[in-house]
Amino acid sequence: WGDRIQDGEPIQYVLGEAWFDGLKLKVGPGVLIPRPETEELMAAMARVIDQEGSRSPKIVDWCTGSGCMALALKRRIPESSVLGLDISEEALTYAQENAARLGLDVEWGKQDLLSPKDETRTPADVVVCNPPYIPNREASDLDDHVVHHEPHLALFVSDEDPLAFHHALVAWAEAGGLAPGGWLGVECHRDGATSLANWLKALDGWQDVDILRDLQGMTRHVVARRCLT
């Protein structure tokens, strides 16, 4: 262990586990380590579901990674139907194993958010997502243990279109992925949340757009609701 830590490997990978909302999750190279900011988004969306009074909502977690948000929401709302999607087979392997170890019934699927398959599914009531959102130009600003060990596929996005995944998520939701009246909650770069929120406000079909700050005071999440009509 000492050599691995000295070489800069994240302690979560060395231990093979990370905690998220009271759940001990298996993690390792190839899957993003869950962050406290993502836990804040999950908790905010759980409160939205509680306020809506839905006993058995359909929840979709895009870019699910270790399955942290999908599993935490399933534990908090046992009667929910939860689907976790990711492009990475390696990440999905961790998510499936975490679900099995925790005894939580979550469905998993391999999907690319930038070009989702046209599948006939019941629209979701709630969609959560922690997509890649760090511009490539900022890689040099990050800690070495992040850049050299965690999957770039889950972290970085092109400098030319840093909101590419967010735009794709909204397009998928508008194409029938999210039911009218359903809620969307997505994590963002600290510099992207305002732009995303303003874009959503300018679109027809969205309401109750809000920006949530993380515990460090950074603009981190955008929550919005699809109009009923």
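Which strand holds Asp-208? The place of Asp-208 is strand β10, which spans residues 206–213. This is a predicted model. Its chain has nine helices and 11 strands. One aromatic pair is present, and a search of the whole structure finds zero disulfides.

**Overall build**

- The chain has a radius of gyration of 17 Å, close to the 17 Å from the globule rule for 229 residues, so it is as compact as a globular protein of that length.
- Along the principal axes, the C-alpha atoms fill a box of roughly 60 × 40 × 35 Å.
- Of the 229 residues in the chain, 53% are buried.
- Take the contacts between residues at least 6 apart in sequence: 64% of them join residues at least 24 apart.

**The aromatic pair**

- The structure holds one aromatic pair. The ring centres of Trp-62 and Trp-172 are 5.5 Å apart and the planes meet at 80°, so the pair is edge-to-face.
- Planes over 60 degrees apart count as edge-to-face.
- Trp-62 sits in strand β3 (residues 58–62) and Trp-172 in helix α8 (residues 164–177), so the pair ties together parts 110 residues apart in sequence.
- Trp-62 is buried, at a relative accessible area of 1%.
- Trp-172 also counts as buried, with 18% relative accessibility.

**Strands β3 and β4**

- Strands β3 and β4 pair in the parallel sense, over five bridges.
- Trp-62 has Leu-85 as its bridge partner in β4. Trp-62 therefore takes part both in the ring pair with Trp-172 and in a bridge to β4.
- Strand β4 covers residues 81–86. Five of its six residues are buried, so the strand is largely enclosed by the rest of the structure.

**Cysteines**

- A disulfide needs the two sulfur atoms within 2.5 Å.
- Cys-68 is buried, with a relative accessible area of 8%.
- Cys-188 counts as buried at 0% relative accessibility.

**Positive phi angles**

- Most residues other than glycine have a negative phi.
- Cys-63 is not a glycine, yet its phi is positive, at about 55°.
- Cys-63 lies in the loop between β3 and α4 (68–76). Its relative accessibility is 19%, and it counts as buried.
- Asp-208 is not a glycine either, and has a positive phi of about 55°.
- Asp-208 belongs to strand β10. At 41% relative accessibility, Asp-208 counts as partly exposed.

**Asp-144**

- Is Asp-144 buried or exposed? Asp-144 counts as exposed, at 54% relative accessibility.
- Asp-144 is in helix α6, which runs over residues 144–147.
- Asp-144 and Asn-98 are 46 residues apart along the chain, and 27 Å separates their C-alpha atoms.

Technical notes. Residues are numbered from 1 along each chain as its sequence is written. This is a predicted model: local features need pLDDT of at least 70, side-chain atom pairs count only at pLDDT 80 or more; totals for chains, interfaces and linings use all residues. Side-chain values use heavy atoms; hydrogens and water are left out. Rings of Phe, Tyr and Trp (its six-membered ring) pair if their centres lie within 6.5 Å; planes under 30 degrees apart count as stacked, over 60 as edge-to-face and the rest as tilted. Helices (H or I, at least four residues) and strands (E, at least two) are DSSP runs, numbered from the N terminus. Buried means under 20% relative accessible area, exposed over 50%, partly exposed in between (1.4 Å probe, protein chains only). The radius of gyration is taken over C-alpha atoms; the globule rule is 2.2 Å times the number of residues to the power 0.38. Contact means heavy atoms within 4.5 Å. Two strands pair if DSSP finds at least two bridges between them.
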